[in-house]
Number of protein chains: 2
Amino acid sequence: MTAHTTLSIDAMGGDGAPESVIGGIAKVAGHDPDISFILHGDGDVVAKALSKHPALNGRVDIRHADDVIEMDAKPSIAVRRGRKSSMWKALEAVRDGEAQAAVSAGNTGALMALALFCLRAAKGVDRPAIAALWPTLGKESHCVALDMGADIRADAKDLVRFAAMGSEYARIGLGIERPRVSLLNVGTEENKGRAEVREAAEMLHAIPSGQMSNFQFTGFIEANEITQGRADVVVTDGWTGNVALKSAEGAARFVGENLRDAFTHSIVTKISALFAKPSLNRLQRRIDPRRVNGGVFLGLNGLVVKSHGGADATGFAAAVDLAAGMARENFIERLATEVEKTLDPDQGDVMDSQTSPQDPEQNV
Amino acid sequence: MTAHTTLSIDAMGGDGAPESVIGGIAKVAGHDPDISFILHGDGDVVAKALSKHPALNGRVDIRHADDVIEMDAKPSIAVRRGRKSSMWKALEAVRDGEAQAAVSAGNTGALMALALFCLRAAKGVDRPAIAALWPTLGKESHCVALDMGADIRADAKDLVRFAAMGSEYARIGLGIERPRVSLLNVGTEENKGRAEVREAAEMLHAIPSGQMSNFQFTGFIEANEITQGRADVVVTDGWTGNVALKSAEGAARFVGENLRDAFTHSIVTKISALFAKPSLNRLQRRIDPRRVNGGVFLGLNGLVVKSHGGADATGFAAAVDLAAGMARENFIERLATEVEKTLDPDQGDVMDSQTSPQDPEQNV
């Protein structure tokens, strides 16, 4: 029997909120009996949206929040003025132990800034990171990629911590016992790339193999190799990760649009589309971004999952399922252990903790 | 009538060289009567490969070169020891005025390092850039993106020069009279992104509109928006551009592989594939990367086009066609005029020329 899980949900975040959010938790409630929700948002609006989902009766606790963080709000403004927002309240419930994880489809930069302020960075972590699942042709069909945009900078030590944190996510989220970790670079030779990436590689090579038993460092990876499944964890800074992720999204969408055009070109191609439909539907399911929706915030004292802002109910449900799964695996505690291991004093100043100021203005 | 064009070709560069290279120029020779080639490489090997293409009789001048730059050679080693290579000889023929452009499918980093050394950076240019054509859903079906990997760094002034150089390429290569230029960023708000990108945006906004008449600056663009055709020129540093380009390649390939799987799943899907074939072929042609093969080196005293290392004859022919087209448009001279305009003294220290050392070790 699974222990009961309570999730704290920002009902007002995302383009389709609150309908997409509440539709999403209704889907999860339908297949997951051991879960209940605290819903933060405008009481009347939330109650109205809830009335369409009788299956949620008795499983939802509505908490009124006066404000909503706008999708284009500056993170610094959100931190200064967002204490009455549904997003902040959702995080507070995690901080106060009422819920095991928070889920929001709101403004990413604001969510990370508020989460840092509310939950604080975990011990030994200077920069939290956003980890995403990246579709691959590999056996596991996904790899973990981070940082996808928590902070536009990362120094060598941050990258090494990302390696440890991402590995723990791959272990729990993808069931890979000893993940292969690679650093994203513009070439695979040792002499290539930015200084911090080369330095991180040296540090990862220098970690005694006993200590690194929870992952294996496999060197550099180029961006075109990610989908080939050459690594289980791809580590980069938040600027590069965000560009890589969005570029891949753009390319996939481009091929998809052209595929649609190819099949609607003429009467003959439209008929061929009827025959091809099962194949195309199979493809659609395989690469449907909604099925792997959810960026996990790593390196905070609490579990936060960010759903895509444009997610519909199916997409939001995927983010909620992910949060519930991670919560049940005691992800935050296990992550803390891994980070401490990487910070082991035996390693000397290789991972000597260093504090860099967090400036929410600089966040993505 | 078109003036006669002579192109200098590195016959030994690329995975399929010299066959793919010579197959490529044979294709070009077939549809372009006003062109001849200087072929640099191992005399015997080149002559043997040429013997299969009688159409090239009388249009090729073979120049023996003792060495070949390996695909994994370090740029610094190539500069020190590459003076007898086919790649160096190909560049030398451009420097000495024997040919109007050089084309190579060899090692990108080595080619840029050798080209910098042989041809030198153009007046007012601190960092040359590699420009690629990026497929979009827009009217022109491509945009110009740079830097795709000449140098992993670029400061604000470099980015502004890239804007001017990329615009000239868009004007000549895509026929866009007044290209829309955007800076790649992780968000579209003014307060987001790296310092040099925000600074470049301020500089581009500050250029008097009369002076900028050859392009219009349209602000920031995110990587997922490139394929949507929102900009005619996308400007970024070589690290970010290289990651974005390769990530897009990986994603497109991923969708393609899954498409193949979807159609070979069972007997029924295989039959549906027969009906879908014309549509799929149309898609293939539309997104065939071979059709737009060729990275143009911008900011040198001479025209150099880099073909993809894995290009086959069709791909190499596209790079040669591109080089011939640019040579006929006097691209290098027009580019120099544009860069000088951006460096106009009226602008004061906004574009005050600054020299940064070129370190080939740091090149991509």
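1. Helices, meaning H or I runs of at least four residues, and strands, meaning E runs of at least two, are taken from DSSP and numbered from the N terminus. On that basis, chain A contains eleven helices and eleven strands. The model under review is predicted, and the remarks below should be read accordingly.

2. Overall dimensions of chain A. The radius of gyration of chain A is 21 Å, in agreement with the value near 21 Å that a compact globule of 364 residues would have. Along the principal axes, the C-alpha atoms occupy a box of roughly 60 × 60 × 45 Å. Buried residues make up 56% of the 364 in chain A. As to contact order, 74% of the contacts in chain A between residues at least 6 apart in sequence join residues at least 24 apart.

3. Domains of chain A. The assignment divides chain A into domain 1, formed by 5–125 + 293–329, and domain 2, formed by 129–263. Their C-alpha centres are 26 Å apart. Contact between the two involves eleven residues of domain 1 and twelve residues of domain 2. On the domain 1 side, H5 and strand S10 (295–298) of chain A are the elements that give two or more residues. S10(A) provides the largest share, four residues. The class composition of that side is six nonpolar, three polar and two charged residues.

4. Helix H4 of chain A. This helix spans residues 86–95 and is mostly covered, with nine of its ten residues buried. Among the buried residues are A:Met87, A:Trp88, A:Leu91 and A:Val94, and the set also includes the charged residues A:Lys89 and A:Glu92. The packing partners of the buried residues in chain A are strands S1 (5–10), S2 (35–41), S3 (60–64), S4 (101–104) and S11 (303–306), together with helix H5 (108–119). A:Gly97, which follows H4(A), has a positive phi, near 80°.

5. Helix H1 of chain A, at A:Ala29. A:Ala29 belongs to helix H1 (residues 19–31) of chain A. Is A:Ala29 buried or exposed? A:Ala29 is buried, because 20 other C-beta atoms lie within 10 Å and the criterion for burial is 20 or more. Beyond residues up to four places away in sequence, A:Ala29 touches A:Ile35, A:Ala55, A:Leu56 and A:Arg59. A:Gly175, by comparison, is 146 residues away along the chain, with a C-alpha separation of 24 Å from A:Ala29.

6. Helix H5 of chain B. The helix comprises residues 108–119, and its twelve residues reach 16 Å from first C-alpha to last, close to the 16 Å expected at 1.5 Å a residue. H5(B) is largely enclosed by the rest of the structure, because eleven of its twelve residues are buried. The buried set includes B:Leu111, B:Met112, B:Leu114, B:Leu116, B:Cys118 and B:Leu119, as well as B:Thr108 and B:Gly109. In chain B, these buried residues pack against helices H3 (75–81) and H4 (86–95) and against strands S4 (101–104), S10 (295–298) and S11 (304–306). B:Arg120 follows H5(B) with a positive phi, near 70°.

7. Helix H7 of chain B, at B:Leu204. Helix H7 (residues 195–206) of chain B contains B:Leu204. The residue is buried, with 25 other C-beta atoms within 10 Å. Apart from neighbours within four places in sequence, the contacts of B:Leu204 are B:Val160, B:Ala163 and B:Phe217. B:Met165, 39 residues away in sequence, lies 13 Å from B:Leu204, C-alpha to C-alpha.

8. The interface between the chains. Chain B brings 55 residues into contact with 54 residues of chain A. Helices H8 (238–263) and H9 (267–287) of chain B each supply at least two residues of the chain B side. The largest share, 20 residues, comes from H8(B). By class, the chain B side has 26 nonpolar, 15 polar and 14 charged residues.

9. Relation of the two copies.

Technical notes: Residues are numbered from 1 along each chain as its sequence is written. Chains are lettered from A and ligands numbered from 1 in the order in which they are written. This is a predicted model: local features need pLDDT of at least 70, side-chain atom pairs count only at pLDDT 80 or more; totals for chains, interfaces and linings use all residues. Two residues are in contact if their C-beta atoms, placed from the backbone, lie within 7 Å. The radius of gyration is taken over C-alpha atoms; the globule rule is 2.2 Å times the number of residues to the power 0.38. The expected span of a helix is 1.5 Å times one less than its number of residues. Domain bounds come from an automatic or database domain assignment.
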